Every structure is written in C-alpha cells, then in structure tokens.
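Please keep the sequence and the 3D view open while reading.

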Amino acid sequence: MTGATRMEISHPDARADWAQDPSAYRQALRHFLDAEPALERWRGADYPTTEDRMTDNAALMNVLSDGGWNRYGWPAAVGGYGGDERHRAVLYDELSAAGLVVPEQYKLLETLGPAVLRFAPALAAQFMPSYLAGGEWWGQGFSEPEAGSDLAVLRCRARREGENYVLSGQKIWTSHGSTARRLVCLVRTGTLESRHRGLSMIMVDAETPGVSIRPIALASGHNELAEVFFDDAVVPASRLLGEEGQGWAVAMYLLQFERAMYAWLSATVASRRLRELRAMLTGRRLADGVVRRFGECYCDIVTLKARSADTVRRLAAGQTVGPEASIDKILLATVETGLHDLARDVLPDEFLFQDDPVAQQWRAEWWYSRASTIMGGSAEVQRGIIADRVLGLPKERGA
Ligand SMILES: Cc1cc2nc3c(=O)[nH]c(=O)nc-3n(C[C@H](O)[C@H](O)[C@H](O)COP(=O)(O)OP(=O)(O)OC[C@H]3O[C@@H](n4cnc5c(N)ncnc54)[C@H](O)[C@@H]3O)c2cc1C
C-alpha cells in the first residue's frame, strides 16, 4: 500500500466522519481502489479452481482489512470502525465499479455474520476480526438430503451432554464447506415432531474430530459445494447462537441479510460482468436482437439494484425485512440467468471450444447461474411466499 494512502486512512477524524457518512466513505474508497497499484492483480481475475479463488480472494480481504476499508459497516467489538449496512453495500459496489473481484467470502459473511453478531456476540468478537482479515470464513450448514425447502423437518441431531452438544447426522450443499474453517449449523435439539420449535443454531469448527467434509464436484468441475457428516462430534455449548430451541428465530433473522446483502453484492458483480461482456464484443459483428438483450439485461440489473438498495436502507435503519425480501431473491435469479444466457449466446465459441481462463470463467458462471432459482430458497417457494404473505392471495383450491 502507498504511504500516502496509509496516512489518509489512518486519520482518526476522517474515519469518524466516514462511519457517519457513507458518501464520504465512498469517495475515499473510490480514490483508493483507483490509485492503489497493488490491487491490479484482482482486476477482472479468473480462477481455475474454487480453492484458488478462495485463497486469492482472502488475500484481497487482507489488503482491504489492513487499510481499514472493509471494517466500515461493522462495530468496534469485531474490529470494525462503525457505520452500517450501507457502508458494506458501498464497498461491494465500488469494488465492482473498479473492475475488481468482490471476495466470495463476503457472501457468506453477509449471510452469517449479522446473526452471529446479534445472537453470539462473544463468538463474533472472537472470530470476526480474523474473517474480515481473510484469515478464515464460514459455511452455512442448513440443508440436508431430506430437508431443503422445508427445513422444519431437518434431522441432524445435537444432544446435550454436560457442557457440550454431541452432533450426529448430515448436511449437504454447503457452499465452500470444504474450505470453510467453521460451519454455522441448524440442528435438531428437540423432537422431530416439534418441527421448527425444536431447532438450534450452533457454530462448529470444521476440524472438530467426528466432522468429515466431502467436496461435491459441480457440472463446471468446480468443488464449490460440500457434504458434511457429523459422527458424534463434540461441540461446546458456548458455541450456540442464541438459546437452545431458538434456532428458527436465528435463521429468520439471518435470512433478511442473506436476501438483502447477498442480492445487492451479486447485482454489483453482475454490473461488472455485463460491462466486461460488452467489452469482449468490441469489433465483433452482432446478431440481430443482441443489443436489445443487452438493454434488457441492464434494465434487470438496475431494477434489482433499485429494489435491493431499498432493502439495504431498511436494514441499515434497523427495520425488519419480512417476506417481501422474496421479491429481491426472484429479481436476482432473473439477473443471474439472463446475464449468463446472454453471455452463452453472444460468445458461442468461448462457451463451446475455448479453454483459456476467461472462457472457463464464463462457462463456470453459466453453470452456477442455473442454481440461482433453487439455492437459498427456490423460485417456486419464493413466489408462494409473495402470493400468500405479501399479496395475501387466497389459497389455491386443493393446496
Ligand atoms: C449452488 C447451491 C448452493 C447452495 N448453498 C447452500 C449452503 O451454503 N447451505 C445450505 O444449507 N444449503 C445450500 N444450498 C441448498 C439450497 O438452499 C436448497 O437446494 C434449496 O433450499 C432447495 O432445497 P432442496 O434442494 O432440498 O429442494 P426441494 O425442497 O426438495 O425442492 C425440490 C423442488 O420442489 C419445489 N418445491 C418444494 N417445496 C415447494 C413448495 N412449498 N411450493 C412449491 N414448490 C416447492 C422446489 O421449488 C423445487 O423445484 C445450495 C444449493 C445450491 C444449488
């Protein structure tokens, strides 16, 4: 990092101002991202494997944390400099606007971090500083082979034994499960019949004896997801988020951030990828309708950003974001599928035949975008929530 930048960002008054003023923070951050030569390696970076990507993204987090830039939006108790969700949204927006990668770890931090902070502040104080510095990241262990859309039937059990819980069962589709240092798991502490009332949330170290993690190779060839097995893994009761039996409330709190911040972050990345796609077409002859499709895709991204910005502002104001966040989720899936279908159609040779890193990245992203209507809550379920709980439509006959 340059000496000038260090001086600028270590100015205590400036930091205090930025925590109160996301626009001032944005200006300073933009200047840093444009001027700092050490960031060049993360501009438009492509990665051959998920493991490479996570390691390299962690190094970017370390640079950002070292300079203080990714500490805004988080409280002092976890090594932050204050501010709120708007600061984090600005960080992702400016990284993407500068053509830089947004570290993948931020998606999981946005999904899990606020709930850990709220329901287990001691764990947040212990582990989040390292997370912000790229030293570790966490996976979300909710889904099971027989429990996805309906998590109330999940079976992975945690039985209390003295000061510990003993975990047995299985999780599946854990994003970055094989590189995460810790897993935040929704587990059953009550009877199966107690459904969502018998669930608890607990943070488990991946290295705990009795935890085994098996990567799942995706169609793209990347090991982005994992299966996690618990075979009498002993976890201290101090690792609970909230109280025993409060897991569903923690999950509902968490979901607001998963919907709002994840969608915003992904929208900023989609903006960058659309710009990069347009740049790749310079000098090529375009088929009929391509320009129109670019326009449609751009409008979808702007729609998502407008909607998601409102959700982020509500979170920053301390409001609860309810079932209407399902709208953000649907808009995100529209953007993800639309953008990558456009890339597939305008880059036919890259998609079919080329193996350079740029082509591989587009192909891997296209495969991943197929999951956008199922991961984190399927589009059908989201539409059901919007119909029932936002619009208050009557139930369908026979439903
Ligand atoms: C890329 C990817 C990453 C993921 N990452 C994680 C992660 O990090 N952590 C984690 O815990 N999980 C993760 N998941 C799992 C994901 O959250 C589940 O796949 C999702 O919740 C759906 O559950 P399911 O796969 O069991 O499908 P099911 O619930 O079995 O659904 C199957 C089909 O039935 C439909 N359906 C089900 N219920 C209804 C209903 N009530 N109304 C209408 N239609 C319905 C669904 O829309 C779907 O089409 C990930 C999944 C993917 C694909």
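## A buried arginine and a buried serine

R272 counts as buried because its relative accessibility is 7%, where buried means under 20% relative accessible area, exposed means over 50%, and partly exposed lies in between (1.4 Å probe, protein chains only). This residue is found in helix α8, which spans residues 247-280; helices (H or I, at least four residues) and strands (E, at least two) are DSSP runs, numbered from the N terminus. The side chain of R272 reaches the backbone oxygen of L100 at a distance of 3.3 Å. Such a pair is a polar contact, that is, two N or O atoms within 3.5 Å; within protein, one must be able to donate a hydrogen and the other to accept it, and residues adjacent in sequence count only if both atoms are side-chain atoms.

S326 belongs to helix α10, residues 325-346. With a relative accessibility of 4%, S326 also counts as buried. Its side chain and that of Q382 are joined by a polar contact of 2.7 Å.

## Basis of the model

The model is predicted: local features need pLDDT of at least 70, and side-chain atom pairs count only at pLDDT 80 or more, whereas totals for chains, interfaces and linings use all residues. Residues are numbered from 1 along each chain as its sequence is written, and side-chain values use heavy atoms, with hydrogens and water left out.

## The ligand and its surroundings

Which residues come nearest to the ligand? Of the 18 residues around the ligand, these are Q140, S149, W173, S378 and E380; a residue is near a molecule if one of its heavy atoms lies within 4 Å of it. The shell consists of 8 nonpolar, 9 polar and 1 charged residues. In this division, Ala, Val, Leu, Ile, Met, Phe, Trp, Tyr, Cys and Pro count as nonpolar, Asp, Glu, Lys and Arg as charged, and the others, Gly among them, as polar. At least three residues of the shell come from each of domain 2 (139-245) and domain 3 (248-390), with domain bounds taken from an automatic or database domain assignment.

For S378, an N or O atom of the side chain is 2.5 Å from a ligand oxygen. A polar side-chain atom of S149 lies 2.6 Å from an oxygen atom of the ligand, and for E380 the corresponding distance is 2.7 Å. The ligand on its own has 970 Å² of accessible area, of which the protein covers 65%; accessible areas come from the Shrake-Rupley method with a 1.4 Å probe, and for residues only the protein chains shown count as cover.

## Strands and their partners

Strand β2 (residues 157-161) pairs with strand β3 (residues 164-171) in the antiparallel sense over 5 bridges; two strands pair if DSSP finds at least two bridges between them. E161 has N164 of β3 as its bridge partner. The hairpin of β2 and β3 has 2 residues between the strands, and G162 there takes a positive phi near 60°. β3 is also joined to strand β7 (residues 225-236) by 8 bridges, and these two run antiparallel. Q170 stands opposite F229 in β7.

Strand β1 (residues 138-141) is covered on both faces. W138 and Q140 are buried on one side, and G139 and G141 are buried on the other. β1 pairs with β4 in the parallel sense over 4 bridges, and G141 stands opposite C185 in β4.

## Loops with a positive phi

Most residues other than glycine have a negative phi. W173, which is not a glycine, has a positive phi of about 65°. W173 lies in the loop between β3 and β4 (182-188). R195 likewise has a positive phi, near 45°, and is a residue other than glycine. R195 lies in the loop between β4 and β5 (199-205), and it counts as partly exposed because its relative accessibility is 35%.

## Distances along the chain and in space

V291 lies in helix α9, residues 290-316, and counts as exposed because its relative accessibility is 62%. V291 and Q246 are 45 residues apart in sequence and 51 Å apart in space, C-alpha to C-alpha.

R214 is placed in strand β6, residues 211-216, and at 48% relative accessibility R214 counts as partly exposed. R214 and E144 are 70 residues apart in sequence and 14 Å apart in space, C-alpha to C-alpha.
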